Amino acid sequence: MLDRIMNAPGLEYTSRGMAAATLRHEVISNNIANLNTPHFKKTDVVFEDLLAREIYGDEDSEAKIPIVRTHDRHLPFVKTPYHAEPMFERHQERTMRVDDNNVDIDIEMATMAKNQLYYNALATRLGGFVNGLKTVITSNQS
């Protein structure tokens, strides 16, 4: 029972989202630190789209017919689990800068603020889950 609670999909998705947000913060910090490095190309972290694909399937999965077993003697359908992990994406586009660096400090600072809000929302959600568990555990002690 405890294993089912601690491995709940929502809890697992939240913790992976927080890890991706932490990694994104480090990448943004690296981009800002290399603002004046000649020929430096900024990097982003891609995770949310991959997580959505893991949860909901491919974008055209609604058009596919679901596979079901109609008889007990049929072979079971085994879906290969897709486990989304954060990926790095390097931007190679050119800029008007003479040093060929494509880091824009305004975009990086806005992305960092957005990432901080995302992390805080996930932390609040995780805290709510833990508080709910705490409430359930302490309410049954009487």
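1. The second largest pocket of this predicted model holds about 250 Å³ of space. On a 1 Å grid over the protein atoms alone, a pocket is an open set of points where a 1.4 Å probe fits, with protein on both sides within 12 Å along at least five of seven lines. Its volume is the space filled by probe spheres set on the points, which are joined across faces, edges and corners.

2. Lining residues have an atom within 4 Å of a point; here they are Arg24, Ile28, Asp44, Val45, Val46, Glu48, Glu89, Thr111, Lys114, Asn115 and Tyr118. Five of them are charged, four nonpolar and two polar.

3. At least two lining residues come from each of α2 (9–33), β1 (43–46) and α4 (105–139). The largest share, four residues, belongs to α4.

4. The protein chain has four helices and two strands, in the order α-α-β-α-β-α along the sequence. These are DSSP runs: helices are H or I of at least four residues, strands E of at least two.

5. Of the 142 residues, 23% count as buried, that is, under 20% relative accessible area with a 1.4 Å probe, protein chains only. The chain exposes about 10700 Å² (Shrake-Rupley method, 1.4 Å probe), and carbon and sulfur atoms supply 60% of that area.

6. Among contacts (heavy atoms within 4.5 Å) with a separation of 6 or more, 82% join residues 24 or more positions apart.

7. Residues are numbered from 1 along each chain as its sequence is written, and side-chain values use heavy atoms, without hydrogens and water. Local features need pLDDT of at least 70 and side-chain atom pairs pLDDT 80 or more, whereas totals for chains, interfaces and linings use all residues.

Definitions and conventions: Ala, Val, Leu, Ile, Met, Phe, Trp, Tyr, Cys and Pro count as nonpolar, Asp, Glu, Lys and Arg as charged, and the others, Gly among them, as polar. Buried means under 20% relative accessible area, exposed over 50%, partly exposed in between (1.4 Å probe, protein chains only).
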